[in-house]
Amino acid sequence: MKTWLISIYFVIFFTGVKAQHIVLDKNVDAQYKGTHGPNMRHYDHFYIAQGFVMPFEEKSGAKIGVGRSFDYLFGNRYKFKLLSFYAIGADASYRYVRYHIADEKLLLDPNRPLTMASAVDKFSIVINSLGLEIYNRINIGPHGNTLGQYIDIGIKEEWNFGTREIIKDKLESSATAKKQRVVNKGLKYIENYSTLVTARIGYNKFALFGNYRLSELFKAE
């Protein structure tokens, strides 16, 4: 199955583990003799992000429910400044993503697990992953010892270590219950690793960023 999604994220908390010193002078090196800070040689910080999964090149039986598919990111980002306008960095993160598979009224096919969405009330796939990203940062304009405006472009590798199906259905003919919830773990049709291209546009503590998956999410049928 070809790539079929783009993820867009909105950072809701984006801050450093060290206090920030705001200055107006453009000459940061003249103001600070230290090497750690938002616009110094070294800087690292924790972040939390929330986003939505957007459909892209969807295949029959794998369409997602827009607005019902989402993910969360928790991570730590490090930046190493090389020039006044250029830096490189690394990012280690944990990601939780939940895909709501839309009902397409397809016949149930045991060789295509996602067709289950047509046979039940709700069908979702949950993937937990650990990721490592390497990125390039271009700073835009002077900003003292703050993060300021910047653009990041990078590549990320994820290990999908926890996968499961969540099936919710109504029990019309049951005498004991109205609904049931079934969880299947360790999905064999999900790839163990994912490769993504990353992009980020930021201003100080807030950023808008997206990931584009280069590798397949599902194993070949």
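**Charged pairs and the cavity**

Modeller: D152 and R137 form a salt bridge, with the closest N and O atoms 2.8 Å apart. A salt bridge here is a side-chain nitrogen of Lys or Arg within 4 Å of a carboxyl oxygen of Asp or Glu. The pair links distant parts of the chain: D152 is in strand 6 (residues 149-170), R137 in strand 5, 15 residues apart. Strands are DSSP runs (E, at least two residues), numbered from the N terminus. D152 and R137 are both buried; buried means under 20% relative accessible area with a 1.4 Å probe, protein chains only.

This is a predicted model: local features need pLDDT of at least 70, side-chain atom pairs count only at pLDDT 80 or more, and totals for chains, interfaces and linings use all residues. Residues are numbered from 1 along each chain as its sequence is written, and side-chain values use heavy atoms, without hydrogens and water.

Next, R200 pairs with E133 in a salt bridge, closest N and O atoms 3.2 Å apart. R200 sits in strand 8 and E133 in strand 5 (residues 122-140), 67 residues apart. R200 and E133 are buried too.

K156 and E158 also meet in a salt bridge (3.5 Å, N to O). K156 counts as buried because its relative accessible area is 4%. E158 is buried as well, at 2%. A network of salt bridges links D71, R95, K156 and E158.

Now the cavity, a set of 1 Å grid points where a 1.4 Å probe fits but cannot get out. Residues lining the largest one, with an atom within 4 Å of a point, include E133, K156 and R200.

Note on methods:
1 Å grid on protein atoms, 1.4 Å probe; cavity = no way out; pocket = protein on both sides within 12 Å on 5 of 7 lines; lining within 4 Å. Helix = DSSP H or I, 4+ residues; strand = E, 2+ residues; numbered from the N terminus. Buried < 20%, exposed > 50% of the residue type's maximum accessible area, 1.4 Å probe, protein only.
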